[in-house]
Structure formats: C-alpha cells, structure tokens
There are 2 protein chains.
Amino acid sequence: MARIADIEAALSASDGNRPEGERGRGRRGRGSGGAEARRALRSGQAAPKNRFIQRQIPPYEILSEEGLALIEQNAETVLEEIGIEFREDAEALALWKDAGAEVDGERVRFPRGLCRKLCETIPASFTQHARNPERSVEIGGNNTVFAPVYGPPFVRDLEGGRRYATIEDFRNFVKLAYMAPAMHHSGGTVCEPVDVPVNKRHFDMVYAHLRYSDLPFMGSVTAPERAADSVAMAKLVFGDDFVETNTVMINLINANSPMTFDATMLGALKVYARHNQACIVTPFILSGAMAPVTPVGVMTQTLAEALAGLAFTQLVRPGAPAVLGSFASSMSMQSGAPTFGTPEPALVLYGMAALARRLGVPFRSGGSLCGSKLPDAQAAHESSQTLLPTVFGGVNYVLHAAGWLEGGLVSSYAKVVIDADQLGMMQTFAGGYDLSENGQAMDALREVGPGSHFLGCDHTRANFETAFYRSTIADNNSFEQWEAEGAQDAYRRANTLYKKMLADYQVPALDPAIDEALTAFIAERQDSMPDAFS
Amino acid sequence: MARIADIEAALSASDGNRPEGERGRGRRGRGSGGAEARRALRSGQAAPKNRFIQRQIPPYEILSEEGLALIEQNAETVLEEIGIEFREDAEALALWKDAGAEVDGERVRFPRGLCRKLCETIPASFTQHARNPERSVEIGGNNTVFAPVYGPPFVRDLEGGRRYATIEDFRNFVKLAYMAPAMHHSGGTVCEPVDVPVNKRHFDMVYAHLRYSDLPFMGSVTAPERAADSVAMAKLVFGDDFVETNTVMINLINANSPMTFDATMLGALKVYARHNQACIVTPFILSGAMAPVTPVGVMTQTLAEALAGLAFTQLVRPGAPAVLGSFASSMSMQSGAPTFGTPEPALVLYGMAALARRLGVPFRSGGSLCGSKLPDAQAAHESSQTLLPTVFGGVNYVLHAAGWLEGGLVSSYAKVVIDADQLGMMQTFAGGYDLSENGQAMDALREVGPGSHFLGCDHTRANFETAFYRSTIADNNSFEQWEAEGAQDAYRRANTLYKKMLADYQVPALDPAIDEALTAFIAERQDSMPDAFS
C-alpha cells in the first residue's frame, strides 16, 4: 500500500502543476464520459452529447460459415414448407399472392429465396433524422445507436419502490435519456403511462419525445390509426414532404411468434412503411415457449419470421427502411419466467447479428436486459452479459439499452443512470486502439526507463485528463472515505444521481409555432373520442 | 401477463408428465451449472465438478495485424535500446551475458529477436497435475482454467463486514473453490492469513490446498526458500521423480514494472523453473504509474517485460513451462487508485491475448476484477466487464476468477459464489453452438407450426432439463414471491449460499501416510525458525 500512497502524492503534484488552461481539453476526440461530461453534470450545464457509435472494432464472429449457411437453409425450409400466417389482413395476403407466394387461407408459403430477394431493396443503412440535426443517427453498417427501455407498466425508485407508471414518469425517462451523454435515442414507450386513457396515450407519449428531447424517437404501433397519428405529428415538426422522403421515426413491429403476424402489427407496419418510416421486424421469443429450446432452433425460426416480415415491408414500399430484430430469452425452469444474461440468448444474439450482416440489413437486438427485481449484482451481471454481446456482436439499434428491470416489467430510475454509465464505457471501447505515435508512447518509455514511474512524465501529463473512461457511478475512493460518506452501494449512489439530473434538466428549444400546432392537433384528436382504459 | 401465466401452467404440466427416470440426465454433455449441480448443492452432495474449459468458440481478435506487428516491433526496441534491470542477482546477469545479451551493471539489453528466440522452447500447452488426476488441467491452446482471487489481506461477509483474514478464512476459500462446479483450480494466496507468522504461513497455505482440496494449486513466491519448501511439500505428495519431470504447481512471478525484476521474484522463478514447475511472468501495471497511460503503450511495455522474464525461464531450464501474464488497470483521477472494468484494461487484455498467441505461449490475464467495496451493481458490472473479455479474448489461466473485491484488498465470501455462477455461464457459452439435428430442432418447428406453442412438444420435453444454464444466484420468481421471501438482493442470497456450501463441505480423501509426512515436515520446518511478523 505504500506504493499507492506514493502514487497519490505524485498524482496530486502532477495535477497541481498542470496549467489551468490545459485541463479538460480532450486530445483524442473519443467523445464519451470523460472529465468534461462529469463537470457538466455537476455544474448543471447540458452535458456534451455523444454521437451514435461508429465502431472501430470488428464484430465478434462466433458461428462458423457452415453453421450460418445451415441456419439460412433451414429458415428457407420453414418458409417453404411450414410458412407464416398473416392474420386478418386481406391486403397482406393479396400482396403475397401477387409476389408469387402460395397463399392457403391465412397461411403463406414462400418459394425458396423469394423473401431474401425482396429484402434486397432494404437499405443497408439509413439516417433517422432528429429535430435537432446534430442528433440524427445512422442505423446500419458499423454504427450502434442506444435507446432506452420500451414497454414497462411499472417504475421503481429507491424511496417509492415499485408502482404503476404515469405520464410524469414517462417525461422523466425522456429527460434522462436526453441528458445522459451515452444515449443517442429517445426510444418509444419508455414506460406505459397508465394514468392516461389507453386510446389517447400515444399523443402524450409522442409529444413528450418531441417536446422534452431533441433526440430521434419511435412512433406508436398499438393500432394502425395511432401509427397514422404519429406520422401526422411528425409532419407538423418535420414538414410533409420531408417525412415522405426521409425517415424520422423507427417503429417496433413484433411478430406474434411462432410464425404469425397479427392484424395490429401488420396495420402499423403498413402505415409506417408507406410513409417511408422504419420498421423493426422482431420475433419476440421466450425459448421453449414461442420457439424451440435450442439456440440454433431459435435462430432458424427468428430468421424465417424476420425474412417474411422484412420482405413484406418491401411489398408495401420497395426501399422503405427496415431493421431485422431479434429478442430471445431463456426460461426459468422454476417459474416459467423469461431469464436474461444467460449464455443461450448471447449465443442467439451473436448468431443473429452475423445472419443480418449476411442479409445486408440493419440489426436490432440486445440491450441491458435482466430479470432482477432491484439494480443489484444480479441486474448488473445480467445486463453486462447482454450489453457486451450487443456491442461485440455489432448490433445497430439497441432498444432497452438503459433502465430495463425485472424482465421488462419495470423502468428503473437508478438503473437508467447505472446502465448509461456502461453505455459510455462501450462507446469508448468501440473506439478501438490508438496506434498513433502518441498512442505508442515510445517517448514515455524512453523518458522514464526501468525502476522509475510515469506519473510526472510529459506523455502522462499530456494525456492523463482523457486517458481513462471516468465512471459516473463507480466509487474508487479509499475504503475509509467511502465509509465516511455513508458506505453506499451503487444503487444508492445512482438514486442520488438521477435526481440531480432531473433537477438540472433544461428543456430544449422548440419553435413555438410548431409546439402550438402539436398541442392543437392533440387536443382536437383527443376530444374526438371518449376515454378508453382497456 | 396472461400469456406468461399460460406458459407457467403448461410448463408445470409438461414437467409433471415427464417420466421420473428421464430427469436430470444431461443430453449435451456441456457440464456446467445445470439442474444436477443445483440439486447436488441443495442436497449437500459434492457437486459434479466441471473440467477446465475447452473453448469451442474462436477468440475475439480486435487488434489488426498491423497493430500487433507494430507493438512487437516497439517491444523489441524497448528490449534493445532501454533494456530490463535484473536486480541483485549475479547469476541472472551471468546467464544473460552467456546468452548474448549486453549487460551493463544490472541493466540487460537484448539483441532484437533474442528473447523471442529463447521463448521457442516454452511449451505451447502443458498439463498441471492435480493430486486427483481427474482434476488435472491443461494450460494453453483453446483451454481456460479458472482460479480464485490471489493476495487480499482482508475478507468480507455480510455480518462481519471487512476484517483481516485468518488461516481459517484461507481454508474456507479453499473449500469454496473445491465445491464450486465451475472453478477448476485452488489458486494460491486466496487471502493472506495474517494470524500466522509471515515466515511460516506458506506451509499452512500449501498444506490447506493439499489437504482441503484435490484441485491443482500454486506455490509460494515470497522468498526463494519458501518456493523450495513448496517444491519439497509437493514432492511428499506426488513423489520426487514425478515433480522433476512433470508440472504440479503454477507460480506467480510479477515483474517490478517498469522494466525491472527484483531478487525475490528472480529467486522464486529460478527455484520453480529448475524443478520444471510453471512460472507466470506478469508485468503488474497501473497505467499511468508503472507504464504509459495509453493501451498500446501498456501492451508494448508488458510484452517487453514478459519476453525478458519468459526468456529467462528458458535460460534456467529450457523447456520449463511458462505463461505470459498481463495485469493492467486504469487509474482513478480522483484518488489515484486502480480502477477495473473500464474500457482501457479490456483493450489491453484483448491485445495481449493476441500477442501471446503470436508468441505461441500460454496466457494469463483477467478475472472478475472490480474496485467496489461491496458485491453490488458496481462490483458486478466491473467483474463482467473483465470476465467477458477474459473468455472472449481466449485467456488460458484466469487468476482472480472469483472472490476479488475492492481492488484486490478483500476476499469476499459472497462474491466467490456470485462470481462462480458467472464462471458457469462462461463455461456453457464457450461450448458454442450445437449444430446437430437435435440442435437444429426442425422436427419441433414442423410439429408445432404457426400460432401454437412449444412447451409440450417432444423436442422441448426431451431437451428442457438441460437447455438453459440455471443460475445459483439469480432470482427469477414472481415479484410477489420474491417480496414474500424477504425482497433480498443478490448479495444477501449469495451470503446465505456460501454458508450452506461450507456447512455441506466434505473433505476429500488423502492417504494418511502422505498427510503424516506433510505435517511432520511442516512441524520440523516451522520449529526451526522464530516467528516473524514482517
């Protein structure tokens, strides 16, 4: 321990010697989570926002070429022999018939290669425009975009415990994503505002994304007319023509696995695809229930369902942006509940990422998933066991990247900030290696030599401020100081941090004319129908 | 939620229908953490022990060929221009002079390629024999071996908090590693038994590994004569000739970075290498203090130091087993403390793993490292952020795989079992994809078809028991049940589990004649010197 004490002394000395003007100047342009961001958070200024990640590292390819080809072949067999049901949608069945598929009732069977051929018009990468052009993201290729959790009916914080979510919670989660430096996207249903009638919520949700954030966002998919409302609201912000020829919303279209698409999802898909808005076609799979129990079986079914859904977007509008989605969990043998952070979903993720690359379409999967009831060690392990495969596997669009708790039943305030810290680390990691002369540090090695230390050398002084990712959550103080500060665990520290962020939040500017148009539209539409709560 | 309820019902039904004789029979031979292990833990039987991991997945290669070659070239420049100091060891300097190095005082400079050439006699892989032959491990190639934390002076559990470690704690950690299915190795200084005189503790530590476990273990390195004592004790167990021609101990030889080896470490290295025991030559680096702040700089220095140390083992005894070690942490700018689970050490780990593969020698790095004071979300994230790179990068020998807390100052009882659960997941993951007909599950897809579910189908019934890794720590029960059971976090559950394991522990058999010889040897040696406490 004597040695660490020496280091601390030398460290303070070297910090004290540095000219004030040099502090906080990033030298490597890596963006993320550094001293500047922390200072900004503390001072209440808006933190510098990371752009989406442009990965400088290759994807981790685990499944062999032979394995990938086998799964593609099996998926074609599923499409050809078993087929996919398109339910209660005569238009969809007609489109498939015209395209050369065999339609038998609601069951559609596809000649081998048909879906794959149709997918050729899907853009390999596309821009999702934000109302603030600096926040627009690129979805596809080497890019990775982080969005918050989607769908929980409950929220949790340390004091209030677990309770039903409200529109106030919804706005808070939008604000936290807006503020966290490593989050690139505002997401969609960051929680279900159950205090607002179910047939009117989508207005308040889309408005919250547009008003309290300037990040790109997701539209409503719970009914075709709600998708249409989302498009109408986007047009008030971006303009009619812009929306029709660009992409300003990305939308979650889940398959009703196994091998079925229902009318609600097909209806929303058609609205968005027709208006050139992006659809994420996602088989949502609890292995052993909605698909076979084996990873290769899950991948085969996922690929078959996704191929059919993606191809369908191109029947609606060739060239419409679409994303191959995969959501797969394992199952608890005790409770039948979905489980996360286990090896099997990670194997599925890596394999599906490779299959999407072979298909040449953007890929959505992963996030910071967990089954834990609290942001504890279980939550963290399960989240990391999902997030690292997400980034190493090369996922393009990452829903549930922050805030997901208890199998997606709960949006956790503390976990948003814990997860966002991990996202910052991933952003730095994805920057890869600095092989420049400065990165090689040969001058430092020559200057210091054997038996000395690097704390005071020129290279260390010049790079120290930006050399290491600085966590907003981790406590690396001495044991004594940590005890003196209340011996808090990460959950408690995060609970304090999210409140500070909300207290520091400043609403981004929005043209008052646009705001007025939005609120008028919402009022008119909401007044046009009675409240419904189911 | 209705859907999940259906699944639960169907699940219980399907479980109930299964013939009793079929339960618990592993079908895929993946080993780890499954139902059998859990039942064994509960029933107090010795759990089935996993063998070391034979990875069926490729390593994740992140650094380019160009980058790897550049670092190798720079490391040779360090060896040639700057050199390495071998302190207070005239024999070492003489060996280097004879080998063609330039010796200037204690500084040794190496013609380009000399160290690399000498390393050619290091075995690419070797067997470390355990006293129970079924527990012998293979170190190198595609294999990964997990060993516990090494070195902490403190221990922690939930009730006692943080306190100095004793020999009783030491024995407990040996017992836990012996019992945890996914731990393959007993390690070395699992904690520092500070209640035993410093000059006598190595006897009690080596004895504990030999008596309370039958896993392979590590010898003492704190003085050359203690290394000799370790070899003498190993000979009482394995026999003289066997030890001289096989490897039964692996030993941690740290460089005194930057670019220095001290007399203690060189002395221990020489003892072990002469007796054909394995040395892990590890530059121990806090970036910015013992090496430059940049990952590429850290790798350059690590490779140079390791090359010199590894080559030296071959001067002592050509063909002696040796392992390239890398331990690199980032640094807290607030406290100067080492930090873990950050992106920079992960980049170093992946790069060093690739450099070791190019050199053709086994590699040690990683583990479940963290800076947190508690087994909380910080500890878990940091541990996963180290462990996943460890496995994906292809580390062969993993020290600190379980129990490491607070920057290595603390051995944590609860964290041993939390980490061991993660190690089990890694073992399953490393098994890769099952591409067999059963893995492909085409029969299941054909049987079930669109809109139904897979719970009752033949394929699910036949595979369900072994399909998913079953965590010993995660709680996946309903929220209501979790609340009724005390709303415990993972730390609390783990604290209960480790006590149950210790209560269930059964000592492995040891030939009484050997035991007697060991205790007699220890008594004689311990009585031959006065106690020393520093």
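Predicted model: local features only at pLDDT ≥ 70, side-chain atom pairs only at ≥ 80, totals over all residues.

Guide: Residues are numbered from 1 along each chain as its sequence is written, chains are lettered from A and ligands numbered from 1 in the order in which they are written, and side-chain values use heavy atoms, with hydrogens and water left out.

Visitor: How many residues does the contact take from chain B and from chain A?
Guide: Contact means heavy atoms within 4.5 Å. Here chain A gives 132 residues to the contact and chain B gives 132 residues.

Visitor: What area do chain B and chain A bury between them?
Guide: Buried area is the accessible area (1.4 Å probe) that two parts lose on being put together, summed over both. For chain B and chain A this is about 11,000 Å², with 68% of it on carbon and sulfur atoms. In chain B, the residues that lose the most area to chain A are B:Met333, B:Tyr433 and B:Phe468, together 8% of what that side buries.

Visitor: How many salt bridges does the rule find across the interface of chain B and chain A?
Guide: A salt bridge is a side-chain nitrogen of Lys or Arg within 4 Å of a carboxyl oxygen of Asp or Glu. The rule finds four across this interface. B:Glu81 and A:Arg446 form a salt bridge, with their closest N and O atoms 2.9 Å apart. Helix H13 (residues 377-393) of chain B supplies eleven residues, the largest share of the side of chain B that touches chain A; helices (H or I, at least four residues) and strands (E, at least two) are DSSP runs, numbered from the N terminus.

Visitor: Which salt bridge does A:Glu85 form, and what does it tie together?
Guide: Over all chains the count comes to 54 salt bridges. The side chain of A:Glu85 meets that of A:Arg107 at 3.0 Å, N to O. A:Glu85 lies in strand E2 (residues 84-86) of chain A and A:Arg107 in strand E4 (residues 107-109) of chain A, so the pair ties together parts 22 residues apart in sequence.

Visitor: Is A:Glu85 buried or exposed?
Guide: Buried means under 20% relative accessible area, exposed over 50%, and partly exposed in between (1.4 Å probe, protein chains only). A:Glu85 counts as buried, at 13% relative accessibility.

Visitor: Where do A:Glu159 and A:Lys499 lie?
Guide: These residues form a salt bridge, their closest N and O atoms being 2.7 Å apart. A:Glu159 is in the loop between strand E8 (154-157) and strand E9 (161-164) of chain A, and A:Lys499 is in helix H19 (residues 490-504) of chain A, 340 residues apart. A:Glu159 is exposed, with a relative accessible area of 52%, whereas A:Lys499 is partly exposed at 37%.

Visitor: Why is strand E11 of chain A largely enclosed by the rest of the structure?
Guide: Six of the seven residues of strand E11 (residues 249-255) of chain A are buried, so the strand is largely enclosed. Two strands pair if DSSP finds at least two bridges between them. Strand E10 (residues 217-218) of chain A pairs with E11(A) in the parallel sense over two bridges, A:Met249 being the bridge partner of A:Phe217. E11(A) also pairs in the parallel sense with strand E13 (residues 278-286) of chain A, over six bridges. There, A:Pro283 is the bridge partner of A:Ala255.
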